[in-house]
Amino acid sequence: MLGAAVFLPFVHHTQSTIYAANCSPWRRAMGGPRAGKVLVLGVLVAFGLGSSAEVRAGEPPVHASPSAAPAPVAAPLVFSPHDIAFVDALTWGANASTMARFHALGVEGWLKEQLHPARDTLPAEAQRQIEALEISRRSAPQLVTEFRDRDAALKNLPSPEEKGAAQKVYQADMTARAREAATAAILRALYAPDQLRERMVWFWLNHFNVHQAKGNLRLLMADYQDNAIRPHALGKFRDLLAATLRHPAMLRYLDNAENAAGRINENYAREIMELHTLGVGSGYSQKDVEELARILTGVGIAGPNIPRVKPGQEALLIRDGLFEFNPARHDFGDKVLLGRTIEGQGFAEVEEALDILSRAPATARHVSRDIAIYFVADNPPEALVQRMADTFQKSDGDIAAVLATMIRSPEFEASLGKRFKDPVRYVFSAVRLAYDDRVILNTQPVQNWLNRLGEGLYNHETPDGYPLVSTAWTASGQMTARFEIARQIGSGAAGLFKPAEEGAVEQPAFPLLQNSLYFSGLSARLSPATRLALAQAISPQDWNTLFLSSPDFMQ
């Protein structure tokens, strides 16, 4: 846990750096020297204590006529620190609009909506931005075909200079598709009403990690997260496992596209057992890895041409989008996986293996423990993990049911407000609180912050994914970087409202963290040390920076 010893030394630094700027960003964003008056008036209006009409300097206030009835003022919503911590733990960060929804539905209604979301709607502006992306207008097969053709064409260019220039553009365009995937992911994380599903989308992307830098994976990241991960994030684990197995991003990343009879590649088989299902030390052997690799022979990526197969095996060939099962590359011998014999029969062997792995008790424990680490503690209580694993097995791997067991547990209750935020949760929660449902127009600053903090989207090279334990994210360098990011978010728009288009003008924006949610419950969660530090703030920027870099906000 972060303490005052880490937090308070930042106070003097913040005061000196922001005070030197003479509060000019605040004045520009909020409309000049009268910003302070406008801010105070806005707070008063929010709580029914002031007039909605602006009082100009040197002018008398405007009063209603004696005959006019006073407009009714709605009482502000008030939330307990517990309820804010509860919502914060299951979303990408509590904000005023999410808490209003929580209040409208009640605890059980809100939780039901999160565990079984019926809607997948975004604010119009967020949806517009996603629909404008190239990845939204073209399917993964179309992108792969286009870039395959471009790659072939640039190899035929006459001079090394032309080839080099074309290759640079080719690589930049692939990188742009990955950045678009990150843009869509960030907009959904910040503004989707089904926040728990978005938390689990990130969890499963990390659990079934692929690295964008390998081959043409940059073209596939959007499709991987939107069609392999998101539809199953709260569904059945067996379906999720199968969806990742059939996706070209996974097959390319872990080399199963090269796995064929007589040329066995064990990479994917090993990671399925070690990371995706059973877990390390669960009792499987090297022989099991070898047998699963044999089962997976022929599971690969569809090329432009239909492969030739032996007579009688035509019905065993599967081509579905970019997925292919090629019986000509498959080992049809019988296998023994985890003590069970699987007869050689083609892709049906893969389905049988997935049934065995997804329903193994070791998989239930491994997956349940990872989820508990993600939400509850670095070392979650064994009793909680076992109850979650029992639900996993009884429900045939129903992820929402496993989450419900965790959420309703006393261990989850005891963890509220104590789980240290990893970089992704830290940045997303800061932006959500700062701007609520006002949709940002440029996600690149967010991507830059995540990269700086060491948890960039699609950037983890090895298949184990980013660490889930908080100790991985509490080093002094991490805290220094968080403070600088808190200063950027807290001091102004930080580029979030300047569209990426050439010549675009940044829209005025300023993060108002001392908002209705802060005064209606969030402030009650603050420790005495944080209150003391905030009391020393000399400007709104200063206050925002101190709040976002406080131990209280980081957990």
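These legends go with a handful of close-up views of a predicted model.

**View 1. Helices α12 and α13 cross each other.** Here we look at helix α12, residues 221-229, and helix α13, residues 237-245. Their axes come within 9 Å and cross at roughly 150°. That makes α12 roughly antiparallel to α13, because angles over 145 degrees count that way. The crossing of α12 past α13 is right-handed.

**View 2. The residues where α12 touches α13.** From α12 come Tyr-224, Ala-228 and Ile-229, while α13 brings Leu-240, Ala-243 and Thr-244. Sorted by class, that gives 5 nonpolar residues, 1 polar one and no charged ones.

**View 3. Glu-134 pairs with Arg-137 in helix α8.** Side chains of opposite charge can pair when their charged atoms come close. In this view, the side chains of Glu-134 and Arg-137 form a salt bridge, at 2.9 Å from N to O. Both residues sit in helix α8 (residues 134-137), and they are 3 residues apart, about one turn of the helix. Is Arg-137 buried or exposed? Arg-137 has a relative accessible area of 52%, so it counts as exposed, the cut-off being over 50%.

**View 4. Asp-255 and Lys-214 link distant parts of the chain.** The closest N and O atoms of this salt bridge are 2.6 Å apart. Asp-255 belongs to the loop between α14 (248-253) and α15 (267-276), and Lys-214 to the loop between α11 (195-207) and α12. That puts the two partners 41 residues apart. Lys-214 is partly exposed, with a relative accessible area of 29%.

View 5. Helix α24 covers residues 476-491 and holds both partners, 3 residues apart, or about one turn of the helix. Glu-484 has 16% relative accessibility, so it counts as buried, which takes a value under 20%.

View 6. Step back to Glu-134 and Arg-137, and you'll find them joined with Arg-138, Glu-146, Arg-150 and Asp-173 in one network. What ties this group together is salt bridges that share partners. For the whole model, the count comes to 31 salt bridges.

Definitions and conventions. Residues are numbered from 1 along each chain as its sequence is written. This is a predicted model: local features need pLDDT of at least 70, side-chain atom pairs count only at pLDDT 80 or more; totals for chains, interfaces and linings use all residues. Side-chain values use heavy atoms; hydrogens and water are left out. Axes are lines fitted to C-alpha atoms, for helices over the stretch in contact, and angles run from 0 to 180 degrees between N-to-C directions. Helices (H or I, at least four residues) and strands (E, at least two) are DSSP runs, numbered from the N terminus. Angles under 35 degrees count as roughly parallel, over 145 as roughly antiparallel, 65 to 115 as roughly perpendicular and the rest as oblique. A crossing is left-handed if the near helix is turned anticlockwise from the far one by less than a right angle, and right-handed if clockwise. Contact means heavy atoms within 4.5 Å. Ala, Val, Leu, Ile, Met, Phe, Trp, Tyr, Cys and Pro count as nonpolar, Asp, Glu, Lys and Arg as charged, and the others, Gly among them, as polar. A salt bridge is a side-chain nitrogen of Lys or Arg within 4 Å of a carboxyl oxygen of Asp or Glu. Buried means under 20% relative accessible area, exposed over 50%, partly exposed in between (1.4 Å probe, protein chains only).
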